[in-house]
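Q: I would like to go through this structure step by step. Could we start with the overall layout and then turn to the details?

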Amino acid sequence: MAGRPIVVSKGTWVGDEVEAADCGIAVDFTKLALRDALRTLAADPAARERMGRNALRLAQERYNWSADEAALLDAYRRIILVP
């Protein structure tokens with residue numbers, strides 16, 4: 001929601017989402033991969049700007065309270081009502 005690119009773990013659901021939306025970088029779960037991703041972002045202001053805009057748009061259009069409220073409340077109801 002801050003309009004900044006994100007660095008996430010590759011091979012995860014969120015990694016796939018981030019790559020599909022071009023709103024960050026999915027990396028292997030290593031210190032070196034994280035370092036390289038941060039260096040890549042630091043060296044490319046245009047990519048940071050593009051990914052940041054994409055991240056904000058994704059948050060506004062898909063991952064927000066108005067879009068998820070009903071599903072989350074329904075999940076809570078199902079958890080509470082489980083026998």
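Q: In what order do the elements of the chain run from the N terminus on?
A: This is a predicted model. From the N terminus on, the order of its elements is β-α-β-α-α-α.

Q: How many helices and how many strands does that give?
A: The chain has four helices and two strands.

Q: What is the radius of gyration of the chain, and what would a compact globule have?
A: The chain has a radius of gyration of 16 Å, whereas a compact globule of 83 residues would have one near 12 Å. Along the principal axes, the C-alpha atoms fill a box of roughly 50 × 25 × 15 Å.

Q: What share of the residues is buried?
A: Of the 83 residues in the chain, 25% are buried.

Q: And the contacts: what share joins residues at least 24 apart?
A: That share is 43%, counted among contacts between residues at least 6 apart in sequence.

Q: How do the lining residues divide into nonpolar, polar and charged?
A: In the lining of the largest pocket, 11 residues are nonpolar, one is polar and two are charged.

Q: Now for charges. How many salt bridges does the structure hold?
A: It holds five salt bridges. As background, side chains of opposite charge can pair when their charged atoms come close.

Q: Which residue does Arg 62 meet in a salt bridge?
A: The partner of Arg 62 is Glu 17, with an N to O distance of 3.1 Å. Arg 62 lies in the loop between α3 and α4 (65-81) and Glu 17 lies in helix α1, so the pair ties together parts that are 45 residues apart in sequence.

Q: Is Glu 17 buried or exposed?
A: Glu 17 counts as buried, at 19% relative accessibility, because the cut-off for buried is under 20%.

Q: What about Glu 49: with which residue does it form a salt bridge?
A: Glu 49 pairs with Arg 53, and their closest N and O atoms are 3.4 Å apart. The two are four residues apart in helix α3, so about one helical turn separates them. Glu 49 is partly exposed at 47% relative accessible area, and Arg 53 is partly exposed at 48%.

Q: And which residue does Asp 74 meet in a salt bridge?
A: The side chain of Asp 74 meets that of Arg 78, at 3.1 Å from N to O. These residues are four apart in helix α4, so they too are separated by about one helical turn. Asp 74 is partly exposed at 35% relative accessibility, whereas Arg 78 is exposed, with a relative accessible area of 52%.

Q: One last topic: the backbone. What is phi of Asp 22 near?
A: Phi of Asp 22 is near 50°, a positive value in a residue other than glycine. For background, most residues other than glycine have a negative phi.

Q: Where is Asp 22 placed?
A: Asp 22 is in the loop between α1 and β2 (24-27). At 27% relative accessibility, Asp 22 counts as partly exposed.

Note on methods:
Residues numbered from 1 in each chain as written. Predicted model: local features only at pLDDT ≥ 70, side-chain atom pairs only at ≥ 80, totals over all residues. Heavy atoms only, no water. Nonpolar A, V, L, I, M, F, W, Y, C, P; charged D, E, K, R; others polar. Salt bridge = Lys/Arg side-chain N within 4 Å of Asp/Glu carboxyl O. Buried < 20%, exposed > 50% of the residue type's maximum accessible area, 1.4 Å probe, protein only. Rg over C-alpha atoms; globule rule 2.2 N^0.38 Å. Contact = heavy atoms within 4.5 Å.
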